Each structure stands twice: as structure tokens, then as C-alpha cells.
Amino acid sequence: MSQDVISVQHLSKMYKLYDKPMDRIKEALSKNKIQRYKEHYALRDVNFNVKRGETVGIIGTNGSGKSTILKIITGVLTPTEGTINVQGRISALLELGAGFNSEFTGIQNIYLNGAMLGYSKEEMDAKMDEIIGFADIGEFINQPVKSYSSGMFVRLAFAVAINIDPEILIVDEALSVGDVFFQAKCFRKFEEFKKNNKTILFVSHDLGSINKYCDRVILLNKGRIVQEGSPKEIIDIYKKILVNQYDDEETTDVDNDKKTNIEEKSNNTVEVKKPESTDSTWKSQFSVNPSLVEYGDKKAEIIDFCILDSNNIITNSVEKGKEFTIKLKIRFNSNVTEPIFAYTIKDRMGTELTGTNTLYENVKVGSKKAGDEVTVCFKQIMNLHSGEYLVSLGCTSYEGLDFVVYHRLYDACSIMSISDKGVVGFFDMDSKIELS
């Protein structure tokens with residue numbers, strides 16, 4: 001059984017909010033100790049464990065307590081209640097500037113950070129070339145860091161954190177800084193850490209990275225843990241919270257298999273409607289996820305959908321390189337102005353690969369009245385390489401400045417791309433090769 005290297009038990013962090021600065025002084029001098037502050041809990045009774053070698057993501061809206069947890073674990077903040085137990089040397093990348101002296105040069109800050117982590121000057125000397133090479137900021141390494149751009153600052157901070165051989169790496173949003181080449185280098189190092197069975201605690205708004213790298217994800221909202229589980233499952237719940245469609249009373253004991261799995265097919269044959277069925281809907285004629293996740297206020301509702309191949313046959317299987325159609329039927333239960341119709345295709349891990357909507361494609365939908373029905377057809381060429389993918393559907397809009405979800409169907413059905421050509425990655429660039 002893997003050892004818990006981070007244990008967080010009944011953790012709470014409360015801040016005292018005063019209406020006026022003078023109230024703090026009055027309270028301190030008061031003989032009766034009259035409370036003049038309001039209690040604000042950034043975290044309330046948070047419990048979780050992280051095992052050795054595990055990569056755990058923490059996601060949530062701004063103000064949900066993500067960074068507060070990391071600061072408490074690393075000792076930057078003191079909890080109001082609860083205990084933290086950490087087994088192993090931590091290297092942390094928190095907000096910009098944490099652990100750096102702006103008056104020191106890059107070199108001096110490398111030594112400073114090493115000393116803070118318990119390394120001697122001789123040990124840091126042995127790591128210096130690797131750190132400087134990874135940061136790749138040229139002669140700025142000898143300049144005070146107050147002259148650095150934010151990108152240079154994070155490059156140096158990441159280079160120090162990642163190259164001092166920590167047992168636990170804690171990262172707060174740092175991987176999205178810098179140019180694409182530096183980001184690629186960071187992610188390669190990230191993958192190397194995972195292969196070496198290092199423990200990683202990772203906070204990010206980049207759901208693609210959370211989904212790709214994390215073994216488990218913890219979702220925070222308003223200082224409490226909403227749920228934890230597989231990346232795909234938790235990201236879907238997080239998306240509900242983002243559009244105010246999450247019910248706090250929803251169960252937190254989710255069966256992943258029921259939630260995310262679509263029945264595997266033994267071959268690529270088209271599934272046709274059974275003769276005995278009296279259901280005339282499109283979705284009755286092909287494989288639909290029986291445990292799809294849906295939500296929305298239902299002012300507009302997706303009442304039917306299907307996938308059509310290049311021969312207009314309803315099917316889950318599409319030949320690569322051929323046109324196919326994603327078809328939706330939407331019924332309006334209320335008057336709606338300029339609804340947006342959308343689809344997304346994801347891989348089995350939940351990474352969004354492609355998708356579009358009527359707003360992106362500049363298609364004017366117009367206003368719809370209660371009782372109207374609209375059929376929407378998205379036509380495109382299948383460029384994804386051979387494999388099975390998940391299709392999500394949606395109908396949304398803007399009401400004033402507010403984004404609203406009328407109806408979303410996550411992982412509504414699968415779509416299989418059929419091809420005998422091998423391709424690296426997810427899609428085919430349709431390269432033409434010339435020899436001379």
C-alpha cells in the first residue's frame with residue numbers, strides 16, 4: 001500500500017475582515033474584547049491525502065481556496081484549524097516572486113532558494129549549470145531579478161524548483177507562463193517527474209493539463225471540497241459550477257464506470273434500429289451513452305441527435321477522410337434570443353480535441369419562440385486518426401452579459417474513426433511527401 005506523503009485533516013483557514021482599519025485597533029484596545037470583524041473562511045474542514053508517486057490536481061473557481069491550501073502545505077500560511085503532515089522534501093512554485101529577493105541577482109536567488117530548502121552551497125554549485133541551462137535567460141542571470149519580465153521570473157523559479165530533485169513538487173499555475181518552447185520543456189520535465197515516481201500537487205485553470213497529467217483531481221468550491229475522483233469526472237462537474245448549474249446536494253459517491261464509460265463494441269458495423277422498436281427518434285438508431293451527463297435550465301432542450309456518415313446513414317462509425325454530420329434537434333420551451341448550438345469531440349480521457357459552435361462560425365440563428373423546433377447540422381471532414389471518441393452537445397446563449405446554459409449533454413455518444421493508415425497523435429495533417 002502506497003504511503004501518504006501529504007495528509008490534510010480538518011483544515012480550515014479563517015480571515016478576519018474589518019470594515020475599517022480603525023476597527024482593528026479599537027478591538028485590540030477594547031476591555032470587553034468586542035468583536036468588530038466578520039469571519040471569512042477561505043477553507044473550511046478540508047480533508048484529503050496524497051500518496052507517494054501520485055499526481056493530484058486541485059481545481060476550482062477563483063477564490064475557492066486552491067492557492068491557500070498550497071501555501072499552508074508549504075508553510076507560507078498557518079492554518080486556523082486542522083493539521084498538515086508532509087513526508088519528504090518539498091519544492092514549490094507558488095505565485096510570482098515567492099521565495100525570491102528582488103534586489104538579488106538570478107544567481108544569488110538560486111543560492112537563496114537552495115539554502116531555504118536545506119542545500120549547502122557546494123550542493124547548489126553542482127546543480128548550477130543545469131538550473132541556468134534550463135532557465136535559459138542569458139546574461140540576465142547576473143542581473144537583479146527586479147529587472148526581469150514575468151516570463152523570465154517564472155523561467156528561473158521553475159528551473160530552480162524542478163532541478164533540485166525534490167520528493168514533492170507543488171505547482172500553482174506556473175506551467176502556462178513563457179513561450180511555447182519553454183512550456184514544452186516544462187511539461188517534458190513534468191512527465192519525467194511522473195516517471196520517476198515523484199509526488200506532484202498541481203493547481204491550474206488549464207483543464208487540458210489537469211486531465212492529461214493528474215491521476216486524481218480534487219474540486220474546491222467556496223473553501224470546501226465538492227468532490228474528488230478521476231480527472232474526466234471532476235472536470236465535468238467543474239464545468240457545471242462555472243455556469244451555476246451544479247446542485248450542492250448532488251451525490252459525491254460517483255460510480256466512475258457508470259458515469260463515463262460507453263459500451264465497447266466488438267466490431268465497427270453500423271448499429272441499426274431493432275425491428276421491434278417503435279421509437280422513431282434518431283438517437284434510437286445508434287449507440288447512445290446510457291449514463292450521459294446532462295444539465296441546463298431547459299429554456300431550450302436537445303430532444304434528439306445523431307451522427308450521419310457520408311451516405312447519410314445513422315451510425316457511430318465514420319470513415320476517415322470522409323464528410324460526416326452531427327445532427328441536433330432543439331425544442332424551445334421559452335422565448336430565446338440568438339441561441340448558440342455547439343458540439344465538442346473529446347478523447348476517452350476527456351481532453352477536448354476539436355469542436356465548434358454557431359457563434360464561432362458566425363451563423364445567425366435569430367430569435368426563437370416557445371414551441372419552435374430547430375434542426376442543426378454540423379458537416380465536416382473526419383480528420384481524427386483511427387479510434388473511438390466522445391461527442392458532447394450543447395445549446396447556450398448570452399442573456400445580456402451573462403452566459404447561460406440551456407441544455408448540455410456530456411459524452412452523449414461515441415464516434416469511431418475508421419482508417420487503415422497510421423498517424424502520430426490525434427489527427428492527420430494530410431502531408432504530401434516528395435522525393436527528389
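Two residues are in contact when they have heavy atoms within 4.5 Å of each other. With that in hand, let's walk through this predicted model, where local features need pLDDT of at least 70, side-chain atom pairs count only at pLDDT 80 or more, and totals for chains, interfaces and linings use all residues. Residues are numbered from 1 along each chain as its sequence is written, and side-chain values use heavy atoms, with hydrogens and water left out.

Start with the whole chain. Of the contacts in the protein chain with a separation of 6 or more, 71% are between residues 24 or more positions apart. The chain has nine helices and 18 strands; helices (H or I, at least four residues) and strands (E, at least two) are DSSP runs, numbered from the N terminus. Buried residues make up 46% of its 436 residues. Here buried means under 20% relative accessible area, exposed means over 50%, and partly exposed is in between (1.4 Å probe, protein chains only).

Now look at some helices. H3 (residues 106-116) packs against H4 (residues 121-135) at an angle of about 130°, with the axes 10 Å apart. Those axes are lines fitted to C-alpha atoms, for helices over the stretch in contact, and the angles run from 0 to 180 degrees between N-to-C directions. That makes H3 and H4 oblique to each other, since angles under 35 degrees count as roughly parallel, over 145 as roughly antiparallel, 65 to 115 as roughly perpendicular and the rest as oblique. On the H3 side, the contact is made by Ile107, Ile110, Tyr111 and Gly114, while H4 brings Lys121, Met124, Asp125, Met128, Ile131 and Ile132. Sorted by class, that's seven nonpolar, one polar and two charged residues. (Ala, Val, Leu, Ile, Met, Phe, Trp, Tyr, Cys and Pro count as nonpolar, Asp, Glu, Lys and Arg as charged, and the others, Gly among them, as polar.)

Follow H4 along to its contact with H5 (residues 150-162). The axes of H4 and H5 come within 8 Å and cross at roughly 145°. Ile131, Phe134 and Ala135 of H4 meet Arg155, Leu156, Phe158, Ala159, Val160 and Ile162 of H5. By class, this contact has eight nonpolar, no polar and one charged residues.

Lys222 sits in the loop between strand S8 (216-221) and S9. Its phi is positive, about 55°, although Lys222 is not a glycine. Lys222 is exposed, with a relative accessible area of 69%. Leaving aside neighbours within four places in sequence, Arg224 is in contact with Arg44 and Leu219. Arg224 and Asn47 are 177 residues apart in sequence, yet 9.2 Å apart in space, C-alpha to C-alpha.

Another loop to visit runs between strand S11 (300-308) and strand S12 (317-319), and it holds Asn312. Asn312 isn't a glycine either, and has a positive phi of about 60°. At 54% relative accessibility, Asn312 counts as exposed.
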